[in-house]
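Let's walk through this structure together with a few questions and answers.

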Amino acid sequence: MSYDSILKNLGQVIYIAGTQWGDEGKGKLVDILAEECDIIARATGGANAGHTICTNVGGKKKKIIFHLIPSGALHADKICIIGNGMVVHVPTLLEEMEMLREDGIALENRLLLSDRAHLLFDYHQEIDAIQEQGRGGNKVGTTKRGIGPAYADKISRRGIRLADLKNFNLFAEKLRANMEWVAKMYHCNLDIEQEIVRYKDIAEILSPYIVNTTEFIDLAYRQGKRILIEGAQGAHLDIDLGTYPYVTSSNTSSGGACIGLGLAPNRLETVIGIAKAYTTRVGSGPFPTELPPIEGDLLREAGKEYGATTGRPRRCGWFDVTVVRNAIVTSGISTLNLTKLDVFSGFETIKIGTRYLLENKPISFIPATVEELRKVDVEYLEMPGWKQDISTKEKFKDLPKLCQNYVLKLEELLGTPIQFIGVGADREQMIVR
Ligand code: GDP
Ligand code: IMO
Ligand code: MG
């Protein structure tokens, strides 16, 4: 299979976007396409992401979960970028680098960290936990990775950035001021001096990796290099466009990807949307096509739906056309990767949530408030399932007719081609049309 010819049609800069509530299988397609790209970049979010790659390392089957490092890192000669839009917990980054080193994958000279990316400290994680606790029954269900508090500092203009590590005395002053403020606000004891000492070592280790990644990307772009941007989270976790307040704290749509790398929007050529053949969600918030416990449990077990970052069971439900269509609109998605189609093998019937009704009137956009979204009625289309295992199929025409019908129906309802179909977790288990 030559992904090179496929990428030639998709263009020089491609964004892989989650179309639902995250965990659609973005990491797998990034890993596959990375082979034919020069640069793989993350632009938004932080270690709340958990991107799983099932592959062979040194001849052995291995599952690798990336939280901060782009999922293209397994390809030894590729440049990996952590963009300016990200919030970086350095201890997690170093752990991930160490994990890869143990598998013989070195990142020296090919991992670039944006000097404008924000640092996420342990105290952000503590604040995340305190804030969740304080929400009582209205918890967001965050990953407790400190994402909200780190982005809050950024927006409040008291964030500390990777570039600050290069002037350590000034960095120490900023960190001390921030930690004193946090200790006062949250009535907690923080060992400020110990944290400063810890970051002295970190500054030395990281210094060679910190660069102006926007400048690097601009040069690479002008040299004709192929750039793959790896989305994190999903369209409906977007801080502006998602099911607020049950969202993450970054812009997960393609606009956010551009800002998060300092990439002009007109340089982004193609957005590939990733959509699971059904829908999942971790954490709280409305989920119109969610299945009730027993049916939802069946889907969860069939799809092994447990969070890659927190291990939490994912809520499961039917495919929701309104959800994915909204993502297509807001991110400019022109082609789709339907993932985990194999999970439905053996299901008697499969349902598709085709349309929302709010107070008996059809709506095609998702309402602004969760209160309204909780009130929508979903219209379903029921389709017969297929019995055969499809995990070894390599061509669309070899899929059972009923399985093909499901894909064709989704394409029709979404008005967007489904070019990639995942039939298993491994790299090889991808049908391309
Ligand atoms: P991401 O966050 O979007 O990268 O997705 P996650 O890694 O959190 O979750 C997707 C899960 O589905 C992972 O365990 C993948 O290994 C797995 N996966 C991806 N594509 C497929 C597929 O087509 N079939 C099956 N059975 N599993 C898949
Ligand atoms: P990937 O990149 C699924 C969810 C959390 C919670 C909400 C806010 O693997 O698809 P946060 O910690 O970001 O403040 O949590 O967002 N969430 C994700 N759900 N996949 C993710 O990432 C997620 N990142 C955050 O569960 O509901
Ligand atoms: Mg994930």
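Q: Which residues of H2 are buried?
A: This is a predicted model, in which local features need pLDDT of at least 70, side-chain atom pairs count only at pLDDT 80 or more, and totals for chains, interfaces and linings use all residues. Residues are numbered from 1 along each chain as its sequence is written, chains are lettered from A and ligands numbered from 1 in the order in which they are written, and side-chain values use heavy atoms, with hydrogens and water left out. Buried means under 20% relative accessible area, while over 50% is exposed and in between is partly exposed (1.4 Å probe, protein chains only). In H2, the buried residues are Lys 26, Gly 27, Lys 28, Leu 29, Val 30, Asp 31, Ile 32, Leu 33 and Ala 34.

Q: Which helix and which strand each supply at least two residues of the shell around ligand 1?
A: Helices (H or I, at least four residues) and strands (E, at least two) are DSSP runs, numbered from the N terminus. The two elements are helix H2 (26–34) and strand E3 (51–57).

Q: Which side chain has an N or O atom 2.7 Å from a nitrogen atom of ligand 1?
A: Let's look for polar contacts, pairs of N or O atoms within 3.5 Å; within protein, one must be able to donate a hydrogen and the other to accept it, and residues adjacent in sequence count only if both atoms are side-chain atoms. For the nitrogen atom, the side chain is that of Asp 342.

Q: Is Asn 326 buried or exposed?
A: Asn 326 is part of helix H11 (residues 321–331). Its side chain reaches the backbone oxygen of Ser 364 at 3.2 Å. Because its relative accessibility is 10%, Asn 326 counts as buried.

Q: Where is the backbone oxygen that the side chain of Gln 404 reaches at 3.1 Å?
A: Gln 404 belongs to helix H13 (residues 401–414), and it is buried, with a relative accessible area of 8%. A polar atom of the Gln 404 side chain also lies 3.2 Å from the backbone oxygen of Lys 397. The backbone oxygen at 3.1 Å is that of Leu 399.
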